[in-house]
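Hi everyone, thanks for making time this morning. Let's walk through a structure together, starting at the surface and then going inside.

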Amino acid sequence: MFNRVGFKWGALIMALFFIILVPLAVLIDRIFANVYTDYVDASVEKAATRAVMQLEKEDKLEPERINLMLSLSDDAIIVFDKNGKILSRSAYEFFEQDTIDSQWRKPLEAGQKSYTGSRTENATGARFHYVGKPLLKDGEYNGGVLVMSNVTSWYETMSQIRYWTLRGILMAILLALVYTILVSWKLSRPLVDMTEATRKIAKGQDTKVTVTSKDELGILGESINDLSVELNNYRKNRSELLANISHELRTPVSYLQGYAQLIENGQYRSEEELKKYAHIIDQESVRLSKLIQDVFDLSKMEEGMMTFYKQAVDIEELLEDAADKVRLKAHQKNLALEVAIQGPLQDIETDGMRFEQIIINLLQNAVNYTPQGTITLRAFEQKSTLIIEITDTGVGIPAEDIPFIFDRFHRVEKSRVRDKGGTGLGLAIVKALTEALDGAITVESKENIGTTFRLSFPIHTFSTNS
């Protein structure tokens, strides 16, 4: 549970809410406390200053006059003379004509201009804020004034503020928790679905992720769906490939073994029959070698281990040589093989052997699937691009197979291809080699009319590279 991405996101969001709400609550509490404290301090200070100013105007501190002067004040004002005798009316624990405790008058007698503080009344629990100031006469200490303001209601107000602030925070946390659960579920649900889908894909099951958005999660879901399609195609084609390779390997090996045993045991009636057996062994050896080479080349390209040796290549000569190597096979089927080069063509920097392999593979493919007619190898330059087209008048490719014609392991009409000696790897190898040489390949085809493969290569020369 704790390792689920939804829980981690939820914990992160809740942590962010706490980081915001707790300092905010403390800030609100401090603002109210400081504002009210400043107000009380200023109010009590003002009352004490006013009382001192009025009393210092009197020639003599008389209780009746003092009580009359201070009767309009809401605060408790205690006035005492320089001996500490309380001259004002009784308030709280201060009684008229009593001597005030030394703690209230010592600071003033020592010359302190004022003092402030807070205290709590034990009997009632009331809380007070007080200010003490000296009374001066001719610059000499002549008593003091102690103003006490009851701030119990303020503390109750602050308690109410803290209570409602706490309730507000708890409500906000509750709402944040609900919001977090919803957001975490909303964000993690697609990931959970994708996780389940990828596990099914890994087991070879056909599955699909429901994409409901166009954001990064939506793009990821579409990528998983694409991956599922690609892997399913790969598994199907791989199974077909393994079955085909097993069959293709078994057939030539059985031929090689069978005819070799016939020759070894001398089971032939004439020299002509011996040559026939030897010819069959030779053909099956070539077929087996071609199959092994195709699988080997494909394996190297998939692992990125194919090595290319680039040098200046005479394209016209290369195309003529490739056509010559295939011409005999074309003539054996009574096919015309034409080479149309619109030149002169520039020499380009490429791997000549791999380039020729591409052309020969496409030409042989055209010969294999052209029962009658003409195969044309055409080449020309278009701006800074070399264009090579190989056109045949063969059986063509079904429209539904064209999008997959270059896929590894894909084969059109499996039984027909096996009869032609193909492995389903030729066009995949051609495409991989073409792209490795910075080229591109496309195909146009109509059934029973013919096929055109079009190659395009940028013209790279040593002069352009330098």
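A quick definition before the tour: patches are built from residues with over 30% relative accessible area and no salt bridge, joining like charges within 9 Å and nonpolar side chains (Val, Leu, Ile, Met, Phe, Trp, Tyr) within 5 Å. A salt bridge here is a side-chain nitrogen of Lys or Arg within 4 Å of a carboxyl oxygen of Asp or Glu. Areas come from the Shrake-Rupley method with a 1.4 Å probe, and for residues only the protein chains shown count as cover.

Please keep in mind that this is a predicted model, where local features need pLDDT of at least 70, side-chain atom pairs count only at pLDDT 80 or more, and totals for chains, interfaces and linings use all residues. Residues are numbered from 1 along each chain as its sequence is written, and side-chain values use heavy atoms, leaving out hydrogens and water.

So, which residues form the nonpolar surface patch? They are Leu24, Leu27, Ile28, Ile31, Phe32 and Val35, together giving about 510 Å² of accessible area. Leu24 sits in helix H1, residues 5-56; helices are DSSP runs of H or I, at least four residues, and strands are E runs of at least two, numbered from the N terminus.

Is Leu24 buried or partly exposed? Partly exposed, because its relative accessibility is 41%, and that class lies between buried (under 20%) and exposed (over 50%).

Now for Val151, in the loop between strand E4 (140-150) and helix H4 (152-202). Val151 counts as buried because its relative accessibility is 5%.

Technical notes: Buried means under 20% relative accessible area, exposed over 50%, partly exposed in between (1.4 Å probe, protein chains only).
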